[in-house]
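Reader: I am new to this structure. Please show me how to read its features, one by one.

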Amino acid sequence: MSQTIKLKKGFDINLAGKATNTTHNIDQPETFALKPTDFHGITRPKLLIKEGDNVKAGTPIMYDAVMESVVFSAPVSGEVVEVKRGAKRKLLEIKILADKEVEFEAYAKHSISDIASLSREEAVDKLSKGGAWVNLTQRPFGTIANPADSPKAIFISGFDTHPLAPDLDYALAGEEQSFQAGLDVLKKLTDGKVHLNVDGSGEVLRIYSAVSGVEINKFSGPHPAGNVGVQIHHLDPINKGDIAWTCTPHGVVQIGKFFLEGKYDTSKLVAVTGSSVKNTGYVKTYSGALVGKLVADNVEGDHNRFISGNVFTGESVGEEGYLGFQHTQITVIPEGDEEEFLGWLKPTTKKLSFHKSIGLLSFLNKKEFTVDTNTHGEERGFVMTGAFEKVMPMDVLPTYLFKAILANDYDEIEALGIFELLEEDIALCEFIDVSKNDLQHILREGIELIRNS
């Protein structure tokens with residue numbers, strides 16, 4: 001039965017630089033890249049191509065020897081110009097010099113009625129061999145879903161509450177048929193329910209207004225209400241031994257297009273956001289696009305941080321870096337590497353803070369904030385403030401969990417709820433942490449401890 005859940009804990013970050021609903025025309029980047037580092041759990045990547053090979057969009061170019069049936073496909077057509085490796089020959093990027101016109105590998109097309117008659121095995125086989133399978137993420141651990149598993153349910157968060165998040169009503173306009181087809185495919189992958197969780201504080205987005213065959217739940221409240229991990233916690237919590245899968249709305253559309261049109265199409269509208277962007281808006285491109293090209297001649301200042309994703313969980317990639325596989329947003333903000341004399345001591349209304357630095361009048365401070373990357377402090381020992389629990393709308397004790405991870409206390413890590421968490425779920429704790437700890441990194445260490453135990 002559908003549920004309506006109102007969350008009270010959390011914190012909305014109102015930053016300057018939200019994308020206007022305008023699509024800018026741009027010259028497409030010359031190069032695109034598939035980055036294995038965008039995916040957790042890949043341990044033995046094997047290449048199916050070499051430098052100099054020509055590929056089409058959808059050509060399998062890599063797989064993980066641990067899960068050979070699932071391939072990673074090229075996002076665009078062109079020539080493989082570089083296989084970039086790091087320390088110990090770790091595979092970092094597969095760069096493709098893109099064709100002017102993208103050509104697609106031809107996969108079998110299916111009508112809506114064809115999809116209805118597909119078996120689970122057929123759907124899994126087509127998704128795995130075509131490259132669209134990697135849109136499915138497993139919880140716990142945040143790894144790529146294993147086709148051999150049967151998840152208890154599949155969850156889709158239909159809205160995003162991160163700072164400067166894209167407007168999905170605009171970014172996914174016109175994709176209604178592909179989205180429904182994607183949902184129909186996902187229903188075949190689980191014996192449980194497919195949950196589509198929408199924003200309960202506003203109108204239902206057009207793309208969700210006519211969907212059928214799934215459980216639609218409504219969530220409202222401050223960030224992180226849009227995090228799928230928070231939603232799972234309130235709908236069907238993950239305990240030890242449970243497996244659930246998640247998928248983004250863009251991933252659902254990509255899966256639907258794969259079946260309806262017979263092509264692996266990673267095209268999408270990417271929001272260009274941040275206070276350093278002259279004209280915010282959207283650009284249409286493909287996964288793995290060169291970031292600098294997407295914001296060319298559209299950035300103020302010469303000392304900025306270019307983030308693939310949002311300011312909480314995105315990756316600092318620089319102008320020469322590439323858009324992450326699941327990212328639909330680029331954020332450009334000023335670097336904050338300058339010292340500020342007595343910065344944290346001076347009372348001001350210009351700084352964004354969860355800790356009510358101007359007392360009882362803080363609730364009046366609803367303006368947009370321009371922030372840089374300065375953390376306004378250095379890393380120090382854990383200070384027990386009780387603040388984490390005020391922004392975590394989940395029944396977990398984050399401070400004790402982090403300490404258990406640092407102590408390698410496996411029993412406590414499991415007992416304190418690590419199976420329900422990924423980095424995005426505790427990113428807000430990291431933002432408000434007066435101790436300036438890299439909490440997302442600490443959590444990932446704990447996840448890997450348990451996953452490999």
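Reader: Which residue in β9 is the bridge partner of alanine 33?
Author: First the general idea: strands of a sheet pair through backbone hydrogen bonds, either parallel or antiparallel. Here, the partner of alanine 33 in β9 is lysine 95. Strands are DSSP runs of E, at least two residues long, and helices are runs of H or I, at least four; both are numbered from the N terminus. The model is predicted, so local features need pLDDT of at least 70, side-chain atom pairs count only at pLDDT 80 or more, and totals for chains, interfaces and linings use all residues. Residues are numbered from 1 along each chain as its sequence is written, and side-chain values use heavy atoms, without hydrogens and water.

Reader: How many bridges join β3 to β9?
Author: Two strands pair if DSSP finds at least two bridges between them. β3 and β9 (residues 91-98) run antiparallel and share four.

Reader: What is the order of strands in this open sheet?
Author: Four strands, paired antiparallel, run β3-β9-β8-β5. β3 (31-34) and β5 (54-55) are the edges; each has a single partner strand, so one side of each lacks a neighbour in the sheet.

Reader: How many helices and strands does the chain have?
Author: There are 12 helices and 19 strands. The radius of gyration is 22 Å, close to the 22 Å from the globule rule for 453 residues, so the chain is as compact as a globular protein of that length. That radius is taken over C-alpha atoms, and the rule is 2.2 Å times the number of residues to the power 0.38.

Reader: What does the C-alpha trace span along its principal axes?
Author: About 65 × 50 × 50 Å.
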